[in-house]
Structures are given as C-alpha cells and as structure tokens.
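Here is a short briefing for a first look at this protein. Keep the structure open and follow the topics one by one.

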Amino acid sequence: MAAADSSSGDKYRSHLAGEGEKNTVWRHGAPPTFDTVNSLFEAERTQEWPAGSLEETVQNAIKTWEMELSHKARLQDFKSVSPGLFRLSVNGGRPLTGEETLAVGSYNALLASPILPGAGAYDAAAETFESSHDLFRAAFPRGFAWEVIRVYSGPPVITFKFRHWGHMDGPYKGHAPTGDKVDEQLRAEDVEVYYDPGELLGGLLKGPLLVPSAEEEDARQLGERLGEAAIVSASGAAPQSQDCPFLASAKREE
C-alpha cells in the first residue's frame with residue numbers, strides 16, 4: 001500500500017501527475033486540484049495519523065480512488081484498483097463492476113436507495129454522473145471532506161470506519177443553504193460500504209424551500225423524519241452534530 005506520491009502535487013492523493021499519467025484521459029481535460037477541500041480537511045479532521053501508519057495509508061488510498069473515479073474517464077487509467085477484479089457493494093446490494101461504477105459515478109453508486117426518491121432526497125435513477133456531481137458541488141462549495149476514523153483490520157481485508165462531511169453553503173434540490181455541517185500500492189478488488197443514507201441526506205433537506213409547494217413541504221418533512229430516525233437509531237438520542245460516520249471494507253489485491 002503506497003503512500004501519496006509527492007510528485008503529484010497533492011499531499012493526500014497519488015497518480016495525478018508524472019510519467020505514469022502521460023496518457024491518462026481526464027474527464028475535464030486536465031488533472032483536478034484539491035486545495036479547497038484539503039483546507040477543509042486539515043481544519044476540521046478529528047484525527048491526524050502518523051506518517052506511514054496504516055491509517056494514513058488507507059486514508060490516502062481511498063482519497064486517490066475517489067479522485068480517479070470522479071476525474072479519470074477510462075478505467076484502464078486507474079491505478080488504485082484492479083480494473084478487471086474491482087467490485088463495489090453498498091449496504092449489501094448487488095456488487096457493481098468497475099465499468100458500472102465509472103458509468104454512474106460515486107454518488108449514484110452510493111445513493112441508490114429505494115427510500116430516498118419518495119422522500120425527495122435523491123433519485124439515483126434520475127441523475128447522471130454529471131448532474132449528481134453538479135448537485136453536491138453546488139451544495140458544498142468548500143468541498144466534501146473525507147477521513148479515516150479507525151482501521152479495524154489490516155490487509156488483505158481492510159475494515160475501517162470513515163467520516164464524510166461538508167458545509168451546506170449552497171442550495172440542495174430547492175432547499176436553501178443552512179450553513180450546517182453535514183456528515184470513501186493499494187489496489188482494491190472488493191469494496192463494501194455500509195451506511196444510512198437517511199442520516200447523510202436528512203440534513204440537506206432542513207433548509208427552507210426556495211420555491212415552496214405542498215408536495216415539496218411534505219417531502220421536506222419526510223426528509224427531516226428520515227434524518228431524525230437515523231440519528232436516534234445510531235445514537236439513542238438526538239445529536240448536536242450532522243457529521244456522518246460510515247463503515248467500509250476493502251480487499252487488497254494479492
């Protein structure tokens with residue numbers, strides 16, 4: 001499991017630049033930069049792992065995988081996964097191949113839930129790769145930061161808990177910004193993610209509707225109930241934070 005490559009120009013992600021990327025096809029024509037979300041990560045992370053530790057290595061490897069999935073247009077250019085072996089499974093659902101995951105994008109892969117469309121929270125079937133990224137980029141202009149909270153087991157099957165958060169400084173599906181904080185050489189073969197999507201998206205529906213309607217008001221109230229139910233289920237009491245922890249595991253290529 002390799003640490004982030006300093007030649008890439010990013011402290012936390014490898015395979016952004018250098019000889020190995022000279023033939024890479026980038027989705028937006030050039031490698032991305034992560035200065036804004038890196039600043040959020042460094043200011044608000046709950047852990048600062050020692051250099052070279054397993055926790056830091058897993059954290060940087062997943063950041064690299066997310067970068068490749070969001071910004072590289074061809075699976076053959078990925079260095080963080082085994083292209084022919086990679087599978088992504090969410091909450092025990094059908095595993096997606098690498099090509100399937102790349103086609104729909106990370107948000108649609110992670111948020112394909114039967115309960116979210118009815119709540120007006122998210123409909124993966126109605127979103128494209130591009131529209132899903134535009135939606136969350138608008139809601140979180142400072143970025144959607146990610147950190148490893150704990151690693152439970154090391155290779156070959158790595159099990160870890162992580163936190164994904166951002167500040168809702170922009171609108172989300174007609175809901176006004178709230179400013180609230182709302183809480184993915186290592187080559188992965190199988191990634192299984194377990195989390196409650198209601199906990200993640202409930203906070204995004206708290207803001208007042210920009211264009212209210214009776215139907216949208218019902219959806220907002222249902223979204224609030226989804227978020228509250230998820231929080232109570234996880235902690236036994238209403239929390240003060242909208243941070244969202246997750247559990248995931250990844251199997252390393254032998």
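The count of salt bridges in this predicted model comes to 15. Side chains of opposite charge can pair when their charged atoms come close.

**Salt bridges**

- Glu-21 and Lys-79 meet through their side chains in a salt bridge, at 2.9 Å from N to O.
- This pair links distant parts of the chain. Glu-21 is in the segment before H1, and Lys-79 is in the loop between H2 and E1. The two are 58 residues apart.
- Is Glu-21 buried or exposed? Glu-21 has a relative accessible area of 7%, so it is buried, the cut-off being under 20%.
- Lys-79 has a relative accessible area of 21% and is partly exposed.
- Glu-21 and Lys-79 also belong to a network of salt bridges, linked with Glu-68 and Lys-72.
- Arg-94 forms a salt bridge with Glu-100. Their closest N and O atoms are 3.4 Å apart.
- Arg-94 counts as exposed, at 57% relative accessibility. Glu-100 counts as partly exposed, at 29%.
- Asp-169 and Arg-142 meet in a salt bridge as well, at 2.8 Å from N to O.
- That pair too links distant parts of the chain, 27 residues apart. Asp-169 is in the loop between E4 and strand E5 (181-182). Arg-142 is in the loop between helix H5 (129-139) and E3.
- Asp-169 is partly exposed, with a relative accessible area of 33%. Arg-142 counts as partly exposed at 36%.

**Aromatic pairs**

- How many aromatic pairs does a search of the whole structure find? The search finds ten.
- In one of them, the ring centres of Tyr-12 and Phe-41 are 5.1 Å apart. Their planes stand at 75°, so the pair is edge-to-face.
- Tyr-12 lies in the segment before helix H1 (35-44), while Phe-41 lies in helix H1. The pair therefore ties together parts that are 29 residues apart in sequence.
- Tyr-12 and Phe-41 are both buried.
- The rings of Trp-65 and Phe-86 have centres 6.0 Å apart. Their planes are at 45°, so this pair is tilted.
- Trp-65 is in helix H2 (residues 54-71). Phe-86 is in the loop between H2 and strand E1 (87-90). The pair links distant parts of the chain, 21 residues apart.
- Both Trp-65 and Phe-86 are buried.
- Ring pairs also link a cluster: Tyr-107, Tyr-122, Phe-136, Phe-140, Phe-144 and Tyr-172.

**Charges over rings**

- Arg-27 lies over the face of Phe-129, 3.7 Å from the ring centre.
- Arg-163 has its charged end over the ring of Trp-165, 3.8 Å from the centre.

**Nonpolar cores**

- In soluble globular proteins, nonpolar side chains tend to be buried together.
- The largest nonpolar core here has 20 residues. Which of them touch the most other members? Val-58 and Phe-160 do.
- At least two residues of this core come from each of H2, E1, helix H4 (106-110), strand E3 (145-153) and strand E4 (157-167).
- H2 gives the most, with four residues.
- Val-58 touches Val-148, Val-151, Ile-158 and Phe-160, leaving out residues up to four places away in sequence.

**A loop residue: Leu-210**

- Leu-210 is in the loop between helix H6 (197-202) and helix H7 (214-235).
- Leu-210 has a relative accessible area of 52%, so it is exposed, the cut-off being over 50%.
- Leu-210 is in contact with Pro-171, Gly-174, His-175 and Ala-176, its neighbours within four places in sequence left aside.

**Overall make-up**

- The protein has seven helices and seven strands.
- From the N terminus on, its elements run α-α-β-β-α-α-α-β-β-β-β-α-α-β.
- The protein has 254 residues, and 47% of them are buried.
- Its accessible surface comes to about 11,700 Å². Carbon and sulfur atoms hold 53% of that surface.

Definitions and conventions:
Residues are numbered from 1 along each chain as its sequence is written. This is a predicted model: local features need pLDDT of at least 70, side-chain atom pairs count only at pLDDT 80 or more; totals for chains, interfaces and linings use all residues. Side-chain values use heavy atoms; hydrogens and water are left out. Rings of Phe, Tyr and Trp (its six-membered ring) pair if their centres lie within 6.5 Å; planes under 30 degrees apart count as stacked, over 60 as edge-to-face and the rest as tilted. Buried means under 20% relative accessible area, exposed over 50%, partly exposed in between (1.4 Å probe, protein chains only). A charge sits over a ring if NZ of Lys or CZ of Arg is within 6 Å of the ring centre and within 35 degrees of the ring normal. A nonpolar core is a set of buried Ala, Val, Leu, Ile, Met, Phe, Trp, Tyr and Cys residues joined through side-chain atoms within 4.5 Å. Contact means heavy atoms within 4.5 Å. A salt bridge is a side-chain nitrogen of Lys or Arg within 4 Å of a carboxyl oxygen of Asp or Glu. Accessible areas come from the Shrake-Rupley method with a 1.4 Å probe; for residues, only the protein chains shown count as cover.
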